[in-house]
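I'm opening the notebook on this one.

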Amino acid sequence: MAGKIEDESNDRVPLRLRPEWSDVTPIPQNNGPNPVVPINYSEEFSEVMDYFRAVYFANELSSRALSLTAEAISLNAGNYTVWHFRRSLLESLKVDLHVEREFVERVASGNSKNYQIWHHRRWVAEKLGLEARNSELEFTKKILSIDAKHYHAWSHRQWVLQTLGGWEDELNYCSELLAEDIFNNSAWNQRYFVITRSPFLGGIKAMRESEVLYTIEAIISYPENESSWRYLRGLYKDEATLYVNDTQVSSVCLKILRTKSNYLFVLSTLLDLICLGYQPNEDFRDAIEALRTSDNEEQDSDIARTICSILEQVDPIRVNYWVWRKSRLPQAA
Amino acid sequence: MGDLVAEKHVQYILSVQKKKDSFESVVMEHLRMNGAYWGLTTLHLLGKLDTVDVHEVVSWIMSCQHDEGGFGGNVGHDPHILYTLSAVQVLALFNKLDVIDADKVTNYIVGLQNEDGSFSGDIWGEVDTRFSYIAICCLSLLHRLDRINVDKAVKYIISCQNMDGGFGCTPGGESHAGQIFCCVGALAIAGSLDLVDKDLLGWWLCERQVKSGGLNGRPEKLPDVCYSWWVLSSLIMIDRVHWISKEKLIKFILDCQDTDNGGISDRPDDAVDVFHTYFGVAGLSLLEYPGVKPIDPAYALPVEVVNRIFFSK
């Protein structure tokens with residue numbers, strides 16, 4: 001949220017004392033009549049911004065202005081107007097963008113949750129073109145190693161892959177991240193992104209078999225993992241019949257049901273399958289019967305209704321959803 | 001459970017408005033226009049908008065407008081679609097939309113639509129479904145939605161729909177409650193909610209509620225009061241809000257209050273800020289908490305303000 005606080009080093013020379021700035025009149029913020037109460041940080045910040053306003057309004061495209069934007073950004077990386085002006089300066093002064101990339105990297109290390117940094121990074125990468133590919137993939141990897149669900153980093157990485165390429169290792173990268181945290185929804189999303197869009201993999205049809213195996217293994221390890229179940233369903237997007245008929249899906253459901261633990265998503269998946277035409281056999285009936293905890297629960301010959309009843313009990317925060325699901329089931333013959 | 005300490009929140013917001021020298025104020029000065037929207041809408045919802053000087057606010061807003069029609073985050077800041085919507089929303093709160101040249105603002109936004117139907121945030125070209133929502137919401141408030149290519153805008157939004165029923169920032173981007181609010185809100189205003197798989201999305205959204213009653217923005221993330229708005233308004237727009245536990249969510253939001261000093265934080269015991277105060281109160285509004293005026297889930301403005309714009313003479 002806030003900008004990175006500079007070291008309170010006594011060797012920072014205020015701008016008003018720097019000879020190279022002596023010709024500039026700083027412009028105070030026009031924010032109403034309340035006087036600014038000086039506290040250390042606030043004083044330095046106000047001074048830098050007052051001088052920034054001076055060069056910004058004068059449209060001074062100079063190297064001292066460029067340095068000043070770096071100072072302003074280090075004090076408050078969220079100020080988008082400073083970033084805009086910096087881009088104008090970079091263009092006008094024809095600055096080496098490789099150097100600029102390093103600047104962004106330094107700023108990002110303290111401030112990565114900030115739209116401006118990512119947009120600026122993309123702007124620089126766009127200008128550098130294909131040669132930027134590896135550095136951009138490395139940069140996002142670095143950020144993701146600190147926060148593996150970082151939304152901006154993932155967005156930037158997707159842009160890089162689509163614009164500059166580098167798909168070859170991406171599925172492996174997803175697997176690495178999932179090995180570290182199988183619950184990482186961003187990594188699952190990226191996996192889907194790769195199998196559906198990579199020019200090297202042949203699309204979802206070609207990848208389905210291996211991906212189902214991968215996902216089932218993940219589900220068995222942690223059946224309470226929402227992302228893996230959604231991913232499995234996604235592998236059969238627009239292919240309901242294949243989904244219903246895939247014995248791997250139904251057998252992993254049965255396997256987990258029999259453990260009598262972490263079966264929430266199994267039940268909802270089974271419910272979906274039944275609604276799509278799946279007909280559970282005696283093994284399923286027995287396994288579900290074994291889950292019914294309360295004698296007060298209505299005995300129901302309709303297995304789908306029983307599943308809904310169980311879900312109403314074990315997922316009470318979403319009871320209304322399960323009641324609605326039950327109401328949507330076709331009436332028993 | 002505890003109550004909403006409405007009066008303390010009002011005092012908190014008014015004190016933030018005044019304290020221009022605080023650290024928070026100083027580092028957020030570039031997005032003061034958003035801050036104004038969060039603070040003033042909250043005051044309106046709590047029935048205290050009249051404590052603010054209309055003329056001071058309106059003249060400050062107008063001083064943030066640029067020749068091309070867009071508004072900056074504060075005086076001396078470049079125009080951006082984000083602050084343009086906030087400016088229009090705040091003017092709407094005060095029933096002062098007539099002070100702007102609506103065509104000028106419209107031209108600015110129309111100029112930001114791209115070939116594929118998406119919208120850029122400003123001349124620097126960042127694309128995000130947030131901006132699609134902003135364009136559609138803003139132009140609708142100005143009665144000029146027909147000036148953009150709505151079909152293409154809708155097509156682009158739908159291209160960001162994921163297999164889990166949710167929406168991301170760009171095609172293929174991870175489903176995220178904030179982005180979902182933007183896409184569903186945009187589609188609602190554009191009259192294209194039929195393109196949303198409401199059952200699938202509704203389930204994804206109601207799965208955001210965790211044991212504590214709070215809502216997260218994506219699977220396996222922590223709950224945050226701001227999702228009380230984004231998830232909740234989305235559920236209301238697709239008519240599935242009864243799929244979450246309202247009581248538990250209310251309790252979570254109330255637990256995020258600073259009952260001594262006012263303000264609401266992202267989760268219990270954290271520091272408060274205006275952003276989360278607004279989202280907490282707006283969430284309570286959607287949950288019909290007594291003493292909070294109703295808010296429109298698509299326009300994110302009080303219902304009486306929206307009615308005034310669309311249903312009066």
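Before I list any pairs, my rule: I call it a salt bridge when a side-chain nitrogen of Lys or Arg is within 4 Å of a carboxyl oxygen of Asp or Glu. I also keep in mind that this is a predicted model.

**Entry 1: salt bridges inside the chains**

I started with R325(A) and D272(A), whose closest N and O atoms are 2.9 Å apart, so by the rule they form a salt bridge. Where do the two partners lie? I found R325(A) in helix α17 (residues 319-327) of chain A and D272(A) in helix α14 (residues 264-275) of chain A, so the pair ties together parts that are 53 residues apart in sequence. Is R325(A) buried or exposed? R325(A) counts as buried because its relative accessibility is 11%. D272(A) comes out at 21%, so I noted it as partly exposed; the cut-off for buried is under 20%.

Next I looked at R86(A) and E100(A), whose side chains meet in a salt bridge at 2.9 Å, N to O. R86(A) sits in helix α3 (residues 80-93) of chain A and E100(A) in helix α4 (residues 97-111) of chain A, so this bridge ties together parts that are 14 residues apart in sequence. R86(A) is buried, at a relative accessible area of 5%, and E100(A) is buried too, at 2%.

In chain B I checked R130(B) and E126(B), a salt bridge of 3.6 Å, N to O. R130(B) and E126(B) are both buried. I also noted a network in chain A: salt bridges with shared partners join R12(A), R16(A), R18(A), E44(A), E47(A) and E71(A).

How many salt bridges are there over all chains? The search of the whole structure gives 36.

**Entry 2: where the chains meet**

I then turned to the interface. I get 57 residues of chain B in contact with 55 residues of chain A. The two chains bury about 5000 Å² between them, with 55% of that on carbon and sulfur atoms.

I looked up R318(A) with E207(B), whose side chains meet in a salt bridge of 3.8 Å, N to O. I also have 24 residue pairs in polar contact between chain B and chain A, both residues at pLDDT 80 or more. On the chain B side, α2 (23-27) and α10 (198-206) each supply at least two of the residues that touch chain A. That side divides into 17 nonpolar, 18 polar and 22 charged residues.

**Entry 3: the core**

I looked for the largest nonpolar core, and it has 216 residues. L257(A), L40(B) and Y133(B) have the most contacts inside it. I followed up Y133(B): leaving out residues up to four places away in sequence, its contacts include L85(B), F181(B), I189(B) and Y299(B).

T277(B) is in helix α13 (residues 274-286) of chain B. T277(B) is buried, at 0% relative accessibility. Beyond its neighbours within four places in sequence, I find T277(B) in contact with H9(B), Y12(B), I13(B), T42(B), G263(B) and I264(B).

G263(B) turned up again when I looked at D258(B), which also contacts V5(B) and V272(B), neighbours within four places aside. D258(B) is in the loop between α12 (246-255) and β1 (264-265) of chain B, and at 23% relative accessible area I put it down as partly exposed. Its side chain reaches the backbone nitrogen of D260(B) at 3.0 Å. How far is D258(B) from Y12(B) in space? They are 9.9 Å apart, C-alpha to C-alpha, and 246 residues apart in sequence.

Last, E312(A), which I found in helix α16 (residues 303-314) of chain A. E312(A) is buried, at 18%. The side chains of E312(A) and K326(A) are joined by a polar contact of 3.3 Å. E312(A) also contacts V319(A), W322(A) and V323(A), its neighbours within four places in sequence left aside.

Conventions. Residues numbered from 1 in each chain as written. Chains lettered and ligands numbered in written order. Predicted model: local features only at pLDDT ≥ 70, side-chain atom pairs only at ≥ 80, totals over all residues. Heavy atoms only, no water. Contact = heavy atoms within 4.5 Å. Buried area = accessible area lost by both parts, 1.4 Å probe. Polar contact = N/O pair within 3.5 Å; in protein donor to acceptor, adjacent residues only side chain to side chain. Helix = DSSP H or I, 4+ residues; strand = E, 2+ residues; numbered from the N terminus. Nonpolar A, V, L, I, M, F, W, Y, C, P; charged D, E, K, R; others polar. Core = buried A, V, L, I, M, F, W, Y, C linked by side-chain atoms within 4.5 Å. Buried < 20%, exposed > 50% of the residue type's maximum accessible area, 1.4 Å probe, protein only.
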